[in-house]
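Hello,

I am passing a structure on to you.

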Amino acid sequence: MSSTDTSGSTGPDPVNIVIAGGGTAGWMTAAALGHFLDRGFTVTLVESEEIGTVGVGEATIPQIRMFNQALGIDEDAFIRATQATFKLAIEFVGWGQPGERYMHAFGDVGRDVGLCAFHHYWSRGRRLGLAGPHGDYAINDIAAHAGRMHRGAPLTSRNVPEMPHAFHFDAGLYAAFLRQFAEARGVTRREGRIAEVRQDPLTGDISSLVLASGEAITGDLFIDCTGFRGLLIGGAMGSAYVDWTHWLPCDRALAVPSGRVEDFTPYTRATAHAAGWQWRIPLQHRTGNGRVYCSAFTSDEEAAESLLAHLDAPALADPRPIRFTTGRRAEAWRGNVIAVGLASGFLEPLESTSIHLIQTAISRILKLLPGKDQTQAARDEYNRQFTFEMERIRDFIVLHYHVNQRPEPFWQAMREMTLPDTLKDRIALFRANGHIVRHGDELFGEVGWFQVMAGQGIVPERSHALAETIDEADLKSYLETLNGLYAREVARYPAHADFIARHCAAPPLGGAA
Ligand SMILES: Cc1cc2nc3c(=O)[nH]c(=O)nc-3n(C[C@H](O)[C@H](O)[C@H](O)COP(=O)(O)OP(=O)(O)OC[C@H]3O[C@@H](n4cnc5c(N)ncnc54)[C@H](O)[C@@H]3O)c2cc1C
């Protein structure tokens, strides 16, 4: 990407894109724009080392592989550079009630039979006492529990699906990796604190960002990646914040790294606690941990004490506090500013969706690519897609909280809340008939909704009529065959740590490559 025309001819002025902020959102955006935009565009990123980044955001979902592939990033090089590990699932511990656990595994659960989704057969099998937990029929779940990893075609049978995978990575190293990638593709970085945002007095559009040094950075389009501050989208453009804390009342987090342990799981763990939950994200060089909690139900001191008491290795630093308000910008694109990342809104990291939301924002920006003239029609379409995506993920996260039988006051309040209608209808449909309908191109499909609804303990009153017609002996044999097929396949896979050692072990930090 370059604005320099070496032919000597004079083309139209380049479109100047300015990215404010250099966290995961800023550098992912810079990397993608640097890769996809050619002559005709310049991209400048401003970040402030003095302010720093939020420093969390280390678990992903499989769609991130599409981002890497689109940019031509080699997977093993990326893993080595970011001390990453593989992720096959999220394990939810104690969410339905204390002592229970289930996985939301990537990929399919079972195999559909003709028109009828597998989960209908599973529900019937469960009622008849013929089926095990749904994870027995998901290869990712079986491999995650066994601590094993494999990439690519199955080893034993064509009837076994490939395992989709995502990553856990070090957020700081990821931003550094993308910075190097973006700068190599012509993105210019400016260091400094944005002290003033100048706007055109007629249109209200942003004309330049003035740094504390006095330098002014002018642009045609500004991407706000300034994190929770939302300096441009909220501060200058005044896009309101739609507050969702009545559905997702957790408002604080404490993040702390701990030493690496032998239990090197290829999955994220999310453990419910009295007034929130704790994440555990194993990386090659350390484990990331954090407690998300609701300040109306517990104190910061209690949360910190409980977080540290539930680490599986000594803490490597003091817990770092983070405050947030769950919700979204009323307009993520307003005037000539598009907010990406935390500046556009926040949903807590229970399903590792924030980095994915950055990815979809970038893809929308590239599809609707605004030049110097931006239209209200494009803004409206962008904001419609953004809102739909955020609301559906919000519902999915609320589901985990609402359907619970935990005894603590926080969980009781979550049980008694008034749900968004969209979620209320979904739960009612599943409870009555086991049906799940995917809305438009929302992120989570039927299999994801099924795993969490069943995992949280919702039992459908009836199965699909087709599933009721299968002979009991055939159903039993079908379920046993699937489980046997997947278990035999997984038994051939190496341990997660061995797989990494063989393909993509990171050098010790600070060491030679
Ligand atoms: C507790 C918690 C856990 C999370 N876990 C996950 C997870 O597991 N998976 C996931 O997908 N997501 C997770 N997220 C979300 C994830 O962290 C963010 O989506 C991601 O890090 C992107 O952040 P960002 O780049 O928008 O903001 P930030 O990292 O905060 O970056 C903001 C940037 O703007 C710059 N900036 C701000 N103000 C100025 C100024 N005045 N002048 C110049 N520069 C400025 C800062 O210096 C920084 O470079 C989590 C979030 C939280 C709060």
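This is a predicted model: local features need pLDDT of at least 70, side-chain atom pairs count only at pLDDT 80 or more; totals for chains, interfaces and linings use all residues.

Residues are numbered from 1 along each chain as its sequence is written, and side-chain values use heavy atoms, with hydrogens and water left out.

The sheet is open and is formed by 7 strands in the order 5-4-14-15-16-13-17, with mixed pairing (two strands pair if DSSP finds at least two bridges between them; helices, H or I of at least four residues, and strands, E of at least two, are DSSP runs numbered from the N terminus). Strand 5 (101-105) and strand 17 (320-323) are at the edges with a single partner strand each, so one side of each has no neighbour in the sheet. From one strand to the next, the twist averages 20 degrees (axes are lines fitted to C-alpha atoms, for helices over the stretch in contact, and angles run from 0 to 180 degrees between N-to-C directions). Helix 5 (residues 139-146) packs on the sheet and touches strand 4 (89-93) and strand 5 (contact means heavy atoms within 4.5 Å).

In helix 11 (residues 409-416), the buried residues are Phe410, Trp411 and Met414 (buried is under 20% relative accessible area, exposed over 50%, partly exposed in between, with a 1.4 Å probe and protein chains only). Their cover includes strand 14 (268-273), strand 15 (276-282) and helix 10 (376-402). Pro409 and Glu416 are exposed on the face of helix 11 turned away from its buried side.

Regards
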